[in-house]
Amino acid sequence: MHVSLSCLMKPVLHGYFRSSCSWRVRIALALKGIEYDQVPVNLIKDGGQQLTDQYKALNPMQQVPAITIDGITLSQSLAIIQYIEETRPGPRLLPTDPQKRAQVRMISDLIASGIQPLQNLYVLQKIGAEKLPWAQHFITRGFEALEPLLKETAGKYCVGDEISMADICLVPQVYNAERFKVDISHFPTIKRLNETLMEIEAFKVSHPSCQPDTPSDLRS
């Protein structure tokens, strides 16, 4: 059987330690047990390394993450996660049941499209001095929609009792909420799920506090 050399090479993830989109991909890789290399892209240093021509050639949107895997380069965290799901063995990240799979995608999109983009670095830089109340407003608004949905879908995890892409999206968003001083106690289902998930090794090893590019003062 012919095996492409590119399929034998470790994936290379270009990301930033505190990027929630990068963290999603790190969680997925950890859950699947996939070894990979990391190339840090500092979103702050030198005006933002994602804005260089070199990185733009890798990802024209000049955002993280981007991953080189199986001879191709992919960006957009949910597309990367679903590619990993479709090409690698290991724990399922999308349920086999069509209704549960749709619920996972609904929750993932709510977070990845409806909450996170409104408080990413580029947007906050444009907002300027009002960035804290801006981020708090949109995270709270999103969580007010997410909480009742999760009450309906959750078991041990976001959808039933199996870890899924929805959980992969939830944990980095809660981390962002805490960074921006959103009171998570108002969202008991979100709080419970996050605490449960943060006991799992894949979520711990991929945490922003222990990445190759994590600044020394933020390491734990």
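Glu195 is partly exposed, at 42% relative accessibility. This is a predicted model, so please take the values as computed from it. The partner of Glu195 is Lys191, and their side chains form a salt bridge with N and O 2.7 Å apart. Lys191 is partly exposed too, with a relative accessible area of 35%. Where do Lys191 and Glu195 sit? Both belong to helix 9, residues 188-197. They are four residues apart there, which means about one helical turn lies between them.

I will go through two others.

Next, Lys10 and Asp37. Their side chains meet in a salt bridge at 3.2 Å, N to O. This pair connects distant parts of the chain, 27 residues apart. Lys10 is in the loop between helix 1 (5-8) and strand 1 (12-15), while Asp37 is in strand 2, residues 37-40. Are these two buried or partly exposed? Lys10 has 41% relative accessibility, so it counts as partly exposed. Asp37, at 35%, is also partly exposed.

Last, Arg92 and Glu162. Their closest N and O atoms are 3.1 Å apart, in a salt bridge. Which parts does this pair tie together? Arg92 comes from the loop between helix 4 (77-87) and helix 5 (98-114). Glu162 comes from the loop between helix 7 (131-153) and helix 8 (165-179). The pair therefore joins parts 70 residues apart in sequence.

Note on methods
Residues are numbered from 1 along each chain as its sequence is written. This is a predicted model: local features need pLDDT of at least 70, side-chain atom pairs count only at pLDDT 80 or more; totals for chains, interfaces and linings use all residues. Side-chain values use heavy atoms; hydrogens and water are left out. A salt bridge is a side-chain nitrogen of Lys or Arg within 4 Å of a carboxyl oxygen of Asp or Glu. Helices (H or I, at least four residues) and strands (E, at least two) are DSSP runs, numbered from the N terminus. Buried means under 20% relative accessible area, exposed over 50%, partly exposed in between (1.4 Å probe, protein chains only).
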